[in-house]
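Subject: Structure handover

Hello,

Here is the structure for your files. My notes on it follow below.

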Amino acid sequence: MNLEKEHLMPVVDAIARATGKRPHTATIYRWRTRGVRGARLETVVIGGRRVTSVDAVRRFVRETTASADVASGHTVSVSVRENEQKRACDYLESQGI
């Protein structure tokens, strides 16, 4: 986050401006700590308050969307996954592992 160029505001307000929605406090906490699909919402603390920018929210949305798009193209059926797991187990067993 570029602190000199981005307009900082309370996290809830930045999300509301960028998306038109006000997510639950727990959702915001999860977005900034654990993240979603490898992306975390950038925030900073100023004067004891957590703030971010509309640009940071937009980057977060772009990253999570890109990750979701990639993930949706690589789905594997249950039967294929089970066959791969069986082959892996058989190989490990043949190696004495």
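The largest nonpolar core has ten residues: Met9, Val11, Ala14, Ile15, Ile28, Ala39, Leu41, Val54, Val57 and Phe60. A nonpolar core here is a set of buried Ala, Val, Leu, Ile, Met, Phe, Trp, Tyr and Cys residues joined through side-chain atoms within 4.5 Å; buried means under 20% relative accessible area, with a 1.4 Å probe and protein chains only. At least two residues of this core come from each of helix H1 (11–19) and helix H3 (54–72). Helices are DSSP runs of H or I with at least four residues, strands are runs of E with at least two, and both are numbered from the N terminus.

This is a predicted model: local features need pLDDT of at least 70, side-chain atom pairs count only at pLDDT 80 or more, and totals for chains, interfaces and linings use all residues. Residues are numbered from 1 along each chain as its sequence is written, and side-chain values use heavy atoms, with hydrogens and water left out.

Overall, the protein has four helices and three strands, in the order β-α-α-β-β-α-α along the sequence. Of its 97 residues, 21% count as buried.

Core residue Val57 touches Ala14, Ile15, Ala18, Thr19, Leu41 and Thr52, leaving out residues up to four places away in sequence (contact: heavy atoms within 4.5 Å).

Thr43 lies in the loop between helix H2 (25–33) and strand S2 (44–46). Thr43 counts as buried because its relative accessibility is 18%. Beyond its neighbours within four places in sequence, the contacts of Thr43 are Met1, Val11, Arg32, Arg50, Val51 and Thr52.

Regards

Terms used:
Buried < 20%, exposed > 50% of the residue type's maximum accessible area, 1.4 Å probe, protein only.
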